[in-house]
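Colleague: I would like to go through some of the labels used for this model and hear what each one rests on.

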Amino acid sequence: MSGSNDHIGGEARRYGKATIGEAAARLRAGGLVAVPTETVYGLAADSTNAVAVAEIYRTKGRPDFNPLIVHVPDIAAARSLGRLNGLALRFAGEFWPGPLTLVVPKGKDCPVTAAVTAGLETIALRCPAHPVMRQLLEESGLYLAAPSANRSGGISPTTADHVARSLGGNAPMILDGGPCQQGIESTIVAVAGGNYRILRPGPVTQAQLEAIAGTAPLLAKTDLIEAPGQMLSHYAPSKSLRLDAETATADEYHIGFGPVPGDRNLSPDGDLAEAASQLFAALHEADASSKAGIAVAPITNNGIGIALNDRLRRAASPK
């Protein structure tokens with residue numbers, strides 16, 4: 001990305017147009033900034049500033065046992081925070097910058113504040129690909145803790161307007177990079193020794209990981225929150241959500257997929273990547289509609305579809 005502010009405009013003007021330089025200064029001063037990534041918008045703060053990180057939890061209403069992802073510019077930066085073994089480095093070399101988060105042991109002198117890792121001896125690291133986030137990392141010189149920029153447990157934001165509506169009066173400075181390309185959160189993989197576990201499915205699929213590792217993942221533990229997105233109820237709209245719905249009732253907003261048209265179709269061609277990019281936007285639209293409930297058509301459960309169905313199951317779980 002060039003040094004211009006071409007990516008910062010649109011809806012952001014309603015919240016006060018900000019430049020990368022202003023956002024970087026705010027972060028260095030201990031403030032928060034909502035910033036786009038290729039997955040969803042993140043609520044960023046200096047990961048080494050305990051007061052700033054506490055403000056993330058307060059702004060989102062996020063439970064403090066739920067750890068945060070730290071965003072870094074490159075593999076070298078990641079190695080200054082965590083211990084990346086050979087397998088972790090292979091994953092990073094293949095999928096960074098991009099939508100993969102690695103959970104690895106914290107480094108001996110890891111400077112991030114304890115709240116970022118929620119008391120765990122591991123740290124979640126990601127090198128994002130979005131040009132606005134990458135320029136903000138470069139300009140600020142910080143490693144940024146950044147969960148999704150929405151109220152905790154709610155629908156993840158894929159536009160600047162989603163951020164403003166979800167956080168309301170708590171919304172901080174927002175950098176508008178347009179709609180997020182991937183549309184669902186990163187794949188999270190815990191790496192220990194020569195083994196790995198998928199803690200959260202996402203745009204990087206199990207098949208892609210297996211091609212690099214040469215082995216299948218171990219089963220993820222179910223009794224421990226090790227990374228974001230593992231809580232049973234998450235990504236949830238305010239309305240009731242019904243899944244695998246070929247048809248909808250008169251008082252339901254119907255989100256379609258493939259041959260099921262619905263009120264809004266995630267992908268008429270059944271393209272799972274297109275559906276992923278549209279999922280949270282469709283949930284936001286359905287939640288804002290006049291209908292009392294939401295119904296979602298069946299979505300193919302392979303590849304990225306596994307991640308889509310994971311988000312939908314958590315969104316439909318009782319709060």
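Modeller: This is a predicted model. Helix α10 (residues 272–288) packs with helix α11 (residues 304–316) at an angle of about 25 degrees, and their axes are 9 Å apart.

Colleague: Why are α10 and α11 called roughly parallel to each other?

Modeller: The angle between α10 and α11 is about 25 degrees. Angles under 35 degrees count as roughly parallel, and therefore the term applies to α10 and α11. The crossing of the two is left-handed.

Colleague: Which residues of α10 and α11 make the contact?

Modeller: From α10 come Leu272, Ala273, Ala275, Ala276, Leu279 and Phe280, and from α11 Ile304, Gly305, Leu308, Arg311 and Leu312. Sorted by class, the contact of α10 with α11 has nine nonpolar, one polar and one charged residues. Gly counts as polar, so Gly305 of α11 falls in that class.

Colleague: Which residues of α2 and α7 meet?

Modeller: Ile20, Gly21, Ala23, Ala24, Leu27 and Arg28 of α2 meet Val132, Gln135, Leu136, Glu139 and Ser140 of α7. This contact divides into six nonpolar, three polar and two charged residues.

Colleague: In the open sheet of four strands, what is the order?

Modeller: The order is β10-β13-β11-β12, with parallel pairing.

Colleague: Why do β10 and β12 stand at the edges?

Modeller: β10 (240–242) and β12 (264–265) each have a single partner strand, so one side of each is left without a neighbour in the sheet.

Colleague: How does α10 lie relative to β11?

Modeller: α10 runs at about 165 degrees to β11, and lies across β10, β11, β12 and β13 (293–296).

Colleague: What makes strand β5 mostly covered?

Modeller: Four of the five residues of β5 (residues 122–126) are buried. Buried means under 20% relative accessible area. Strand β4 (residues 100–105) pairs with β5 in the antiparallel sense over five bridges, while three bridges join strand β3 (residues 69–71) to β5 in parallel.

Notes
Residues numbered from 1 in each chain as written. Predicted model: local features only at pLDDT ≥ 70, side-chain atom pairs only at ≥ 80, totals over all residues. Heavy atoms only, no water. Axes fitted to C-alpha atoms, helices over the stretch in contact; angles between N-to-C directions. Parallel < 35°, antiparallel > 145°, perpendicular 65-115°, else oblique. Left-handed = near helix turned anticlockwise from the far one by under 90°. Contact = heavy atoms within 4.5 Å. Pairing = 2+ DSSP bridges. Buried < 20%, exposed > 50% of the residue type's maximum accessible area, 1.4 Å probe, protein only.
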